[in-house]
Amino acid sequence: MSFEMTKGLFKYDFTDQHAILGIPLDAEFNDIRKRYMKIARRLHSDTCSFESQADKDWANQFLSKVVNPAYNKFSKESDRKEYSLLLAAIGKRVVKEQAKMQIESEAAKQLATAQNWEEAYKTAVSKLALKQYESVKETQEAIDQISELNMVYLLRKERLGGGGGAVAPGSSAKATTTTSTEKTAAEKTAAEKTATVNPTPPPPPKVEPPDSQTEAYCRRAKGFMDSKNYAKASLELREALKRDPKHSKAHAMLAMCYLEQNQATMAKLEMNKALASNPEEPTALEVKKKLEQTSAKAKKGDDKPGFFASLFGGKKK
């Protein structure tokens with residue numbers, strides 16, 4: 001049974017938990033909990049009112065495999081913080097890739113040009129949430145549309161600091177920057193005349209080479225690692241690897257983050273990727289040494305194989 005969702009924020013390899021639950025991105029936890037309870041009653045096998053047995057089976061599976069994990073992402077404060085960091089990173093990515101953004105739903109197109117866009121956003125999400133779990137078809141359509149609303153909301157929110165304006169609601173959402181107060185026709189005419197008389201060519205845009213951008217992510221990650229904030233460091237390193245998937249230093253640093261969080265399997269995986277690109281990568285070699293030392297200690301001094309011993313093939317007793 002497939003529950004694939006591919007529109008809105010789902011296009012960015014991101015699971016839009018807010019869209020699944022039908023809640024705005026700034027919803028408080030109490031509101032999230034109330035919404036989840038309402039959906040759970042609607043989809044649970046004992047209370048589901050879907051007509052066909054096939055739809056009831058779908059609802060039960062969707063509750064356990066999609067809705068419950070979405071709610072669990074908000075249940076713990078640490079998970080909420082991690083999810084918020086991921087959402088912030090997605091927001092920045094949406095801005096960078098806005099020229100390729102595709103807006104399909106009418107609700108998202110209207111939000112793209114709405115003047116009071118924050119209020120319009122919440123109203124649109126609430127309206128879709130009302131019928132979100134009335135049927136299988138409406139569930140999937142509502143999640144797609146809410147995720148598109150979330151995508152446009154993040155774009156406008158991220159661009160607000162730079163005088164961000166509306167996004168053109170056509171098939172391609174290539175955004176144009178506007179000022180917070182529109183110029184009058186007279187001001188525009190005067191500006192155009194001045195530019196004609198004394199044209200001043202704009203300076204060429206400063207574009208950092210990909211390597212420089214990747215290194216910038218690694219530098220920020222190193223700062224987070226020094227303060228033992230490995231969750232934020234991991235986010236920076238994943239962004240670096242999106243730009244350069246074979247960057248040995250980024251893989252090695254990510255391996256160290258996993259190791260510091262006692263995630264030996266993931267540490268070994270990233271270590272191997274780093275060494276495959278650069279067999280002399282110092283951080284990767286340091287991770288390898290620590291893993292081997294921990295494995296050796298576990299084999300020597302512990303009758304019961306530990307986590308690292310299991311990873312390196314320790315004998316089970």
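From the N terminus on, the elements run α-α-α-α-α-α-α-α-α-α-α-α-α-α. This is a predicted model, where local features need pLDDT of at least 70, side-chain atom pairs count only at pLDDT 80 or more, and totals for chains, interfaces and linings use all residues. Residues are numbered from 1 along each chain as its sequence is written, and side-chain values use heavy atoms, with hydrogens and water left out.

Visitor: How many helices and strands are there in the protein?
Guide: Helices (H or I, at least four residues) and strands (E, at least two) are DSSP runs, numbered from the N terminus. The count is zero strands and 14 helices.

Visitor: What percentage of the 317 residues count as buried?
Guide: Buried means under 20% relative accessible area, exposed over 50%, and partly exposed in between, with a 1.4 Å probe and protein chains only. Of the 317 residues, the buried share is 38%.

Visitor: What distance does H2 reach from its first C-alpha to its last?
Guide: H2 covers residues 29-43, which is 15 residues. The expected span is 1.5 Å times one less than the number of residues. For H2 that expectation is 21 Å, and the model comes close to it, at 21 Å.

Visitor: Why are the buried residues of H2 on the same side?
Guide: The buried residues of H2 are Ile32, Arg35, Tyr36, Ile39, Ala40 and Leu43. The arc is taken from the directions from the helix axis to the C-beta atoms. They sit on the same side of H2 because they cover an arc of only 140 degrees.

Visitor: Which exposed residues does the face of H2 turned away from its buried side carry?
Guide: The buried side is covered by elements including H1 (17-21), H3 (53-75) and H6 (117-130). Contact here means heavy atoms within 4.5 Å. The face turned away carries the exposed Asn30, Lys34, Lys38 and Arg41.

Visitor: At what angle do H4 and H7 pack?
Guide: Two packed helices are described by the angle between their axes and the distance between the axes. Axes are lines fitted to C-alpha atoms, for helices over the stretch in contact, and angles run from 0 to 180 degrees between N-to-C directions. H4 (residues 77-96) and H7 (residues 136-159) have axes 9 Å apart and an angle of about 80 degrees.

Visitor: What is H4 relative to H7, roughly parallel or roughly perpendicular?
Guide: Angles under 35 degrees count as roughly parallel, over 145 as roughly antiparallel, 65 to 115 as roughly perpendicular and the rest as oblique. The H4 and H7 angle is about 80 degrees. That makes the pair roughly perpendicular.

Visitor: How do H6 and H7 run, roughly parallel or roughly antiparallel to each other?
Guide: Their axes lie 10 Å apart, at an angle of about 170 degrees. H6 and H7 are therefore roughly antiparallel.

Visitor: Which residues in H7 do those of H6 meet?
Guide: The H6 side consists of Trp117, Glu118, Tyr121, Ala124, Val125 and Leu128. In H7 they meet Ala142, Gln145, Ile146, Leu149, Asn150, Tyr153, Arg156 and Lys157.

Visitor: Which residues does Ala107 touch, not counting residues up to four places away in sequence?
Guide: Ala107 lies in H5 (residues 106-113). At 21% relative accessibility, Ala107 counts as partly exposed. With residues up to four places away in sequence left out, Ala107 touches Gln145 and Leu149.
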